Amino acid sequence: MRTRRLSGRHRRARERQVTYGEVIAVKEFRALWYGQGLSLLGDQLAQVALAVLVYERTRSPLATAAVYALTYLPSIAGGPLLAGLADRFARRGVMVACDLIRAALVAIMALPSIPFPVLCGLVFLVVLLSAPFSAARAALLPEVLEGDRYVVGSALQNMTNQTVQMMGFAAGGAVIATMGPYRALALDAATFVGSALILLAGVRRRPAVAQDGDKPSMWKMTAAGARLVFGDKKLRTLVLFAWLCGFYILPEGIAVPYAVELYTGVLPIPVITGLLMAAMPTGTVLGAFLFSRFVSPPGRLRLMGWMAMLSCAPLVVTAIRPPLEVVLAAWVLSGIGGAYQLAANAAFVQRVPSEQRGQAFGLVHSGLMAVQGIGILAGGYAAERLGPEPVVALAGGAGLMAAAVLALLWTESRSDTPSRMRPRAAA
């Protein structure tokens, strides 16, 4: 009896929901949190400026979507290889180096004399460096926060990121109109420097996971990471859950032409664009708060499939060409459903060994960026022929069917997922 009572206590402790205050009290988490939010704010201002500028010059949904997709596609080329740096070298050092190099590249982009092709090349390089940075940060976070602290910390970081995106998108048009695109790029460069300084001051240096005598080639690390991620049925399902966002992120890439369709003379097109791009991040902030604060750890896994379907289903309403208010409500609801990514991410972390975490996260992140970029590019192409409203509806319908299949696969394996994950987490 006594053994069973202790076991029950341990189980309740493991399933206890951690508060945000407990997570914020961790100094290293605060540094990761502040640094990410700072650099992301600069990125959003630059992204809105670029989208509006390209559409004003070309009036082409395809060109606008292509430039937006350029911020995703570099991860296909070098992301899987570069992500291995997070396992070969000290993870804090990888993050700081990436921040400083990106700051230099963006500072060059802020020069008005830079030719447009060179500007595109610099954008490619800046985005390419996000792969090792994101892999290092994702691999470092479970070392800073353990157990359900990791889930709550991820939720808090996700809410902050989405809030920053929401603010950047919503206010981006007005800010860009005041300061101009080149000053926005200079501000973006400064945020990378600020992020590097925060990481140096707030995150302690840890040695590289791979020892000096145990550093395989980047190709071997990439192959090993791929075998790990795609050779495990549950990991494959979790990765596909993550990549589902390719369907519901598509509307952001054609927000400008959609704003033109919704224009009635009351609000300027850049303002409508900002509201559309801010709608899903707003919903994600709300969904992440509710999902992490009021749903128990086992409940998150049970609801993951339903939440994934919710992330796509509301987009179908755009087929009837509703007014702006209805579109915003549908996109906010879609963002709420996107909070299922918290559960998928936590389950993925528990199942991947620490020494391969950087490479595994890098592969998933690269695929994530790839599906988003390809989806946005395909959406822009289709929007030129069908219009933005039916394209968003088709993306929602296709995503809903994919989410339903994943939900069935997850339900079949859900009962034994926690017990099988725990031993791997200790590896």
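**Ground rules.** I am working with a predicted model, where local features need pLDDT of at least 70, side-chain atom pairs count only at pLDDT 80 or more, and totals for chains, interfaces and linings use all residues. Residues are numbered from 1 along each chain as its sequence is written, and side-chain values use heavy atoms, with hydrogens and water left out.

**Overview.** I looked up the secondary structure and found 23 helices and 0 strands (DSSP runs, numbered from the N terminus: H or I of at least four residues for helices, E of at least two for strands). Of the 427 residues, 56% are buried (under 20% relative accessible area; exposed is over 50%, partly exposed in between, with a 1.4 Å probe and protein chains only).

**Salt bridges.** I found 6 salt bridges (a side-chain nitrogen of Lys or Arg within 4 Å of a carboxyl oxygen of Asp or Glu). Glutamate 143 pairs with arginine 206 at 3.5 Å, N to O. Glutamate 143 sits in helix H9 and arginine 206 in the loop between H11 and helix H12, 63 residues apart. I note that glutamate 143 is partly exposed at 28%, while arginine 206 is buried at 10%.

Next I checked arginine 321 and glutamate 389, which meet at 3.0 Å, N to O. Arginine 321 is in the loop between helices H18 and H19 and glutamate 389 is in helix H22, so this pair ties together parts 68 residues apart in sequence. Glutamate 389 is buried at 6%.

My last pair was glutamate 384 with arginine 385, at 3.8 Å, N to O. Arginine 385 is exposed at 52%.
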